[in-house]
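Subject: A structure for you to explore

Hi there,

Here is the structure I promised to pass on. Have a look around it first, and then read my notes below.

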Amino acid sequence: MSKTISIIVPCFNEQESVPLFYAAVEKVAAQLPDHAIEYLFINDGSADQTLPAMRTLQAQDPEHVHYISFSRNFGKEAALYAGLQAATGDYIAVMDVDLQDPPALLPEMIQGIEVEGYDCVGTRRTTRAGEPPVRSFFAKKFYQIINHISQTKIVDGARDYRLMTRQMVDAILEMTEYNRFSKGIFSWVGFDTKYLEYQNQDRVAGTTSWSFWGLFKYSLDGIVTFSETPLAIASFIGFFSFIIASIALIFIIVRAIIFGDPTSGWPSLISVVLMIGGLQLLCLGIVGKYIGKIYLEVKNRPVYIVKEKK
């Protein structure tokens, strides 16, 4: 009996990439006679002609192509979650529409599950050719930091592109938090995972919607979501700064008693005040980030709102 593969494709301003992605995957699907493909395009509040492109594809292939369109831009994490909820296949794949995730790896991914017995076959890039050096540097540092401070390990260079069993996806859907970081969630649920390596691929069309600042905020969300270490660091900084300030205060008092204080303590006072104030603001910022996440979580708002689906 044939198996169905649901392919979740988040899209934001990807009008040119949508038909090219469909054509590329269809070529690979022709090599998989025992597997049917279900496409789930998620329109994440695109401002261009992405939604009409999805409608056109759905009209051409209504049996296999489906789409969900959000009422506004909710972000890629929300799009992934919506796709996982809507997927009906025996296996579920997550792919980027820009074809930086090579469809040609799908047969090998299927073999990893059906022949080798893995629950998930993911992918990781071995190179970041074509990326700005600054972005590559900070991306590598992000993986080093989060793997050092979090118990949930994330493979360096891991992509969202992966093929998962229905059992693994059901486990992921049990995690209903509002603040989502899929790379961490995929690792946290466990299950036997194999990674396929490939070299970085260029976009087939259009330009990326990820700015450096957007990726930076996304990495911070990942660290806060899967590690309490920043809170421990804030506590340590607070304690350490209190000790330093106390020692400095004793030193200043002793110096004034023995040698006098011709400057009336102005430079030392300002230095201590600025140091303590800066450290307090740093600690408050770290704690505030966690409180903000709690605030969004307890509101219990929906992760996304659907305007149109078919």
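Leu99 has a relative accessible area of 15%, so Leu99 is buried. Please keep in mind that this is a predicted model.

Leu99 lies in the loop between strand S4 (91-94) and helix H4 (106-114). Its phi is positive, near 65°, although Leu99 is a residue other than glycine. Asn13 also has a positive phi, about 55°, and is not a glycine. You will find Asn13 in the loop that runs between strand S1 (3-11) and helix H1 (17-29). Asn13 has 31% relative accessibility, so it counts as partly exposed. Why point these out? Because most residues other than glycine have a negative phi.

Next, the aromatic rings. There are six aromatic pairs. One of them is Tyr22 with Tyr39, a tilted pair with 5.0 Å from centre to centre and 55° between the planes. This pair joins distant parts of the chain, 17 residues apart: Tyr22 is in helix H1 and Tyr39 in strand S2 (residues 35-43). Tyr39 also pairs with Phe41; the ring centres are 6.1 Å apart and the planes at 5°, so this pair is stacked. Both Tyr39 and Phe41 are buried. Together, Phe21, Tyr22, Tyr39 and Phe41 form one aromatic cluster.

Phe240 is in helix H9 (residues 229-259) and is partly exposed, with a relative accessible area of 47%.

Happy exploring!

Key:
Residues are numbered from 1 along each chain as its sequence is written. This is a predicted model: local features need pLDDT of at least 70, side-chain atom pairs count only at pLDDT 80 or more; totals for chains, interfaces and linings use all residues. Side-chain values use heavy atoms; hydrogens and water are left out. Helices (H or I, at least four residues) and strands (E, at least two) are DSSP runs, numbered from the N terminus. Buried means under 20% relative accessible area, exposed over 50%, partly exposed in between (1.4 Å probe, protein chains only). Rings of Phe, Tyr and Trp (its six-membered ring) pair if their centres lie within 6.5 Å; planes under 30 degrees apart count as stacked, over 60 as edge-to-face and the rest as tilted.
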